[in-house]
Amino acid sequence: MVESSMPESEHKVREILATVKDPEIPVLTVEDMGIIRGIELDGQKVRVKITPTYSGCPAMDEIAADIRKALLAEGYEPEVVSVLSPPWSSLWISEEGRRKMEVYGIAAPLEEVADKRALMGEKRVVKCTHCGSMNTRLVSPFGSTACKALFQCNDCLEPFDYFKCI
Amino acid sequence: MNKSLYDYLILLGDSPLILGHRLSELCGHGPNLETDIALSNIALDLFGQVRNWYQYAAEVHGEGKTEDDIAFLRYEHEYRNVVLTEQPNKDFAWVIARQFYFDAWHFSLLSQLTESRDERISAIAAKSIKEVTYHRRFSSEWVKRLGDGTEESHIRMQNAIAHFAMYKGELFEETNVEKEMFASGTGADFKVLKTQFDSFTNEVLNDAGLEIPQIDWTQRGGKQGVHSEHLGYILTDLQYMQRAYPGMQW
């Protein structure tokens, strides 16, 4: 998120971070994912705090390396550290991120109560990313990556990914 | 170094490491695609959690020790996982019963550790419990589905639940380190752990139409480093690269 109240120097770092993509969902930037937890600047030295979406997310090492690379290319001396608390929540994905995710073909996470119903198979609330039908079903709470569940549309019969709430 | 804290972190990390390894053996061998992916995902979550425990343990240890040293360069008797986690995969009911007991225990343990006075422990627990909530839901739903399924699935699930009951007791046997950690506000209350475990597992088994095994003895030893024969075979596989090419890195 680039805010007008930020000092110029941090603004610049945020702009660079907005170019770093999540390798698993390459339409989303690390900013969209809400995994940037803080930026500390001291001259050209910059310390970026990131938090993992899932403990075992294999993309985290690559994301940290990509952030380092992007900042190095702009002349910074970067340090990327991982923080665990508070734990990442799917609520931290930005509106822009949710929109891009949907266009990419992944249903964005619902708010928590609705998500529990969807994953318990109680209510059809996840919209098909192909045809927009609400008549969908949970195939498996574990999908192609740690952060996704697998759904299928009962109308167009296509499978699709749903980004889980945590 | 704070020896008690180090030992405690090893206790916390070793069980999910060994269970994660068992689950990873099923990658590409699950009964169908969805369960194969689910079990591999659970293994991945557990390994991520283990890395957090071992990274902290390595820092507590100092002297340049790393998470990899802890995972790959210890001998069998130095691992502190409960013997439940090293039991082999047999059929799917077997895998689910082992996971069900483990998840019920793991969930209650982590929920208590989110209140730990040690901020690093509470942060790792708060992160992990979000993932373990999904694990526990997955294994308990399968217990119900198989228990309340066909005649064949019911028999197999009942047998597996009865078989693994002999490994439950060790989950609630408190070592001196765990007693010390509880006393200092860092660790978990084992009485609460046992009550929560029993109430959750009994409810699921009732829903599944399965008999609750009555057993008054337990297999034990893992938490003291005395393991079943299976652990040696697991480590032979798990540690192969570090033993064959010492110090290798990705």
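**View 1. Pairing of β2 and β3 in the sheet of chain A.** In this predicted model, A:K49 stands opposite A:V81, a residue of β3(A). The strand β2 of chain A, residues 45-50, pairs with β3(A) in the parallel sense, and the pairing extends over 6 bridges. The open sheet to which these strands belong has 3 strands in the order β1-β2-β3 (chain A), with mixed pairing. Its edge strands are β1 (36-42) and β3 (77-82) of chain A, each of which pairs on one side only. From one strand to the next, the twist averages 15 degrees.

**View 2. Helices against the sheet of chain A.** Helix α1 of chain A, residues 8-17, packs on the sheet and touches β1 and β2 of chain A, its direction making about 135 degrees with that of β1(A). Helix α3 of chain A, residues 59-73, lies across β2 and β3 of chain A, and runs at about 160 degrees to β3(A).

View 3. The peptide bond leading from A:S85 to A:P86 is cis, with omega near -5 degrees. A:P86 is placed in the loop between β3 and α4 (95-104) of chain A. Another loop of chain A, between β6 (148-153) and β7 (159-163), holds A:L157, whose phi is positive, at about 70 degrees, although A:L157 is not a glycine. A:L157 counts as exposed because it has 10 C-beta neighbours inside 10 Å, where the limit for an exposed residue is 12 or fewer.

**View 4. The two domains of chain A and their contact.** The domain assignment divides chain A into domain 1 (8-90) and domain 2 (105-163), and the centres of these two domains, taken over C-alpha atoms, are separated by 29 Å. To the contact, domain 1 of chain A gives 7 residues and domain 2 of chain A gives 6 residues. On the side of domain 1 of chain A that touches domain 2 of chain A, the residues comprise 3 nonpolar, 3 polar and 1 charged.

**View 5. The side of chain B that touches chain A.** In the contact between the chains, 19 residues of chain B meet 15 residues of chain A. Both α2 (33-61) and α5 (119-147) of chain B supply at least two residues each to the side of chain B that touches chain A, and the largest share of that side, 10 residues, comes from α2(B). Sorted by class, the side of chain B that touches chain A has 9 nonpolar, 5 polar and 5 charged residues.

View 6. B:E63 lies in the loop between α2 and α3 (67-72) of chain B, and phi of B:E63 is near 55 degrees, a positive value in a residue other than glycine. With 6 other C-beta atoms within 10 Å, B:E63 is exposed.

**View 7. The crossing of α5 and α6 in chain B.** The axes of α5(B) and of helix α6 of chain B, residues 151-164, come within 7 Å and cross at roughly 130 degrees, and α5(B) and α6(B) are therefore oblique to each other. From α5(B), the contact is made by B:V143, B:L146 and B:G147, while α6(B) contributes B:S153, B:H154, B:R156 and B:M157. By class, the residues of the contact of α5(B) with α6(B) divide into 3 nonpolar, 3 polar and 1 charged.

Technical notes. Residues numbered from 1 in each chain as written. Chains lettered and ligands numbered in written order. Predicted model: local features only at pLDDT ≥ 70, side-chain atom pairs only at ≥ 80, totals over all residues. Helix = DSSP H or I, 4+ residues; strand = E, 2+ residues; numbered from the N terminus. Nonpolar A, V, L, I, M, F, W, Y, C, P; charged D, E, K, R; others polar. Domains from an automatic or database assignment. Pairing = 2+ DSSP bridges. Axes fitted to C-alpha atoms, helices over the stretch in contact; angles between N-to-C directions. Buried ≥ 20, exposed ≤ 12 C-beta atoms within 10 Å, placed from the backbone. Parallel < 35°, antiparallel > 145°, perpendicular 65-115°, else oblique.
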